Amino acid sequence: YVRFHLISPLIQQSAENIVLFDTFVNILSHNLGEPAYEADVAQLEYKLVAGEHGLVIRVKGFNHKLPLLFQLIIDYLSDFSFTPAVFEMITEQLKKTYFNILIKPETLAKDVRLLILEHGRWSMIDKYQMLMNGLSIESLSSFVKAFKSQLFVEGLVQGNFTS
């Protein structure tokens with residue numbers, strides 16, 4: 001079991017950054033779908049989660065091939081690229097996801113409660129409006145470059161691994 005948290009102060013600076021981060025993580029997951037399929041068949045599991053303060057990479061499975069899967073994820077992260085078609089597809093999916101959160105009273109109430117309790121939190125309405133105003137491919141590219149330049153890493157490895 002390997003878990004790494006790539007933390008960046010850049011994410012919480014604006015609602016736009018949060019939306020760009022969500023877009024980035026979804027495109028990265030999309031890009032990994034085909035190359036990581038063989039790992040899935042070999043009973044290795046991975047998950048990329050857009051956390052509040054950064055990207056959480058979780059990998060688990062048999063230890064002898066786990067580093068290869070983790071290296072694949074890191075390679076795709078470091079050489080991040082996307083096509084305009086994928087960008088449009090992911091932003092449309094995010095619009096639907098944000099809208100579905102906004103129309104459910106219990107999730108909207110949770111969002112409002114957290115907005116009151118946490119300093120510097122951006123509401124789902126802010127994020128949805130930012131996404132509806134439109135994101136540019138250039139803004140995503142510059143965000144990803146800045147994100148990768150301001151990273152702090154925490155990691156946890158459990159299981160049959162040497163130090």
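User: Which residues does asparagine 17 touch, not counting residues up to four places away in sequence?

Analyst: Contact means heavy atoms within 4.5 Å. By that rule asparagine 17 touches Leu10, Ile11 and Phe143. The model is predicted: local features need pLDDT of at least 70, side-chain atom pairs count only at pLDDT 80 or more, and totals for chains, interfaces and linings use all residues. Residues are numbered from 1 along each chain as its sequence is written, and side-chain values use heavy atoms, with hydrogens and water left out.

User: Is asparagine 17 buried or exposed?

Analyst: Buried means under 20% relative accessible area, exposed over 50%, and partly exposed in between (1.4 Å probe, protein chains only). Asparagine 17 has a relative accessible area of 12%, so it is buried. This residue lies in helix H1 (residues 15–32); helices (H or I, at least four residues) and strands (E, at least two) are DSSP runs, numbered from the N terminus.

User: How does serine 136 compare in accessibility, and where is it?

Analyst: Serine 136 is partly exposed, at 30% relative accessibility. Its place is the loop between helix H6 (124–133) and helix H7 (137–149). Serine 136 and asparagine 17 are 119 residues apart in sequence, and their C-alpha atoms are 12 Å apart in space.

User: How should I read the buried residues of H6?

Analyst: An α-helix has 3.6 residues a turn, so residues three or four places apart point the same way. In H6 the buried residues are Met124, Lys127, Tyr128 and Leu131. Seen down the axis of H6, they fall within an arc of 100 degrees, so they line one face of the helix; the arc is that of the directions from the helix axis to the C-beta atoms. Their cover includes H1, helix H4 (84–103) and helix H5 (105–117).

User: In which sense do strands S2 and S3 pair?

Analyst: Two strands pair if DSSP finds at least two bridges between them. S2 (residues 45–50) and S3 (residues 54–60) are antiparallel over six bridges, and they form a hairpin with three residues between them. Valine 49 stands opposite valine 56 in S3.

User: Which residues have the most contacts inside the largest nonpolar core?

Analyst: In soluble globular proteins, nonpolar side chains tend to be buried together. A nonpolar core is a set of buried Ala, Val, Leu, Ile, Met, Phe, Trp, Tyr and Cys residues joined through side-chain atoms within 4.5 Å. The largest one here has 41 residues, and Phe24 and Leu55 have the most contacts inside it. H1 gives the largest share of this core, nine residues.
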